[in-house]
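Let's take a walk through this structure together. Have the sequence and the 3D view at hand as you read.

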Amino acid sequence: MNVAKMRKAFTLKPLAVGVAGVFLSACADERQDATIYTSIDDCKQDYPNAIEKCEAAYQTAVEEAQRTSPRFNTEYDCEYEFGPNQCRTVNTNNGSFFMPFMAGFMVSQLLSPNRYYSQPLYTSYSYNSPFRSRWISADGYVFDGDIRKRNYKVRSETFKPKPTVNRTMKRGGFGSSVRAKSSWGSSARKGSWGG
C-alpha cells in the first residue's frame, strides 16, 4: 500500500479550494432581507410611502394562512400545540376544524417593482411546544431566535408556495413534525403534512 500516493490523491488543490469558496459565497449571497411584522401598522410605519403594498402583503399572508395553516381535529389538539386561546374554528362544507391564529407575517422585497414576498408566521405559547416563543412557518420551519427578533436573512426558497393542507392532525402531530425536521436537517423540509 502506497500511503504517500493516497495522500496525494486526496490533497485539495488551490484552484479547487478557490472554486468551492466562490460557490459558497454565491450561496450566501442569494439570501434576501426579510422582516416580520405583527400588524399592518408596523409595516406602514416602516414604509409610509407603500401603505397599499403593506396591506396587500398582509392580505396575501392571511390568504396563505387559510390555505396552508396546520389543521386540527379539536380545539384541545390545536391549543396543546399553540397555547390557550390561540386557535380558531373554521367551518367548511366538509365539516369544521381548528387552526392557529396567524401571529405575524414575513415580508421581503416590499419595494421591488417586480414582486414582493409575503408569508404567514405562527408562534406558540404552549409549554408542550418545541417552538414556544419562536417564529415558525406553516410547513414547520422554525426561525432562529425568539419572537422578539424581526429581521432575518432568508433563502428565496423560504417564500416558495407551501402545499395546500387538506387533512387534520391530532394533538402533538405538528410539534413532532417540527422536531423531526429539526433533527433531520434541511432535506426533511421538503416533506409536508399537507396531504
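A quick word on the ground rules. This is a predicted model, where local features need pLDDT of at least 70 and side-chain atom pairs count only at pLDDT 80 or more, while totals for chains, interfaces and linings use all residues. Residues are numbered from 1 along each chain as its sequence is written, and side-chain values use heavy atoms, with hydrogens and water left out.

Let's start with the sulfur. The structure has two disulfides, a disulfide being a pair of cysteine sulfur atoms within 2.5 Å. In one of them, Cys 43 and Cys 54 are joined with their sulfur atoms 2.1 Å apart. That pair ties together distant parts of the chain: Cys 43 sits in helix α3 (residues 40–46) and Cys 54 in helix α4, 11 residues apart. Helices here are DSSP runs of H or I with at least four residues, and strands are runs of E with at least two, numbered from the N terminus. The torsion about the S-S bond of Cys 43 and Cys 54 is about -80°, so this disulfide is left-handed. Cys 43 is buried, at 0% relative accessible area, and Cys 54 is buried with 0% as well. Buried means under 20% relative accessible area, exposed means over 50%, and partly exposed lies in between (1.4 Å probe, protein chains only).

Cys 78 and Cys 87 make a disulfide too, with sulfur atoms 2.1 Å apart. Its S-S torsion is about -90°, so it is left-handed. Cys 78 is buried at 0%, and Cys 87 counts as buried at 7%. Number the bonded cysteines in sequence order and the pairing reads 1-2, 3-4.

Now find Ser 69, in the loop between α4 (51–68) and α5 (75–82). Is Ser 69 buried or exposed? With a relative accessible area of 1%, Ser 69 is buried. Setting aside neighbours within four places in sequence, Ser 69 is in contact (heavy atoms within 4.5 Å) with Glu 64, Met 99, Pro 100, Tyr 122, Ala 138 and Val 165.

Not counting residues up to four places away in sequence, Ala 65 touches Met 99, Met 102, Pro 120 and Tyr 122.
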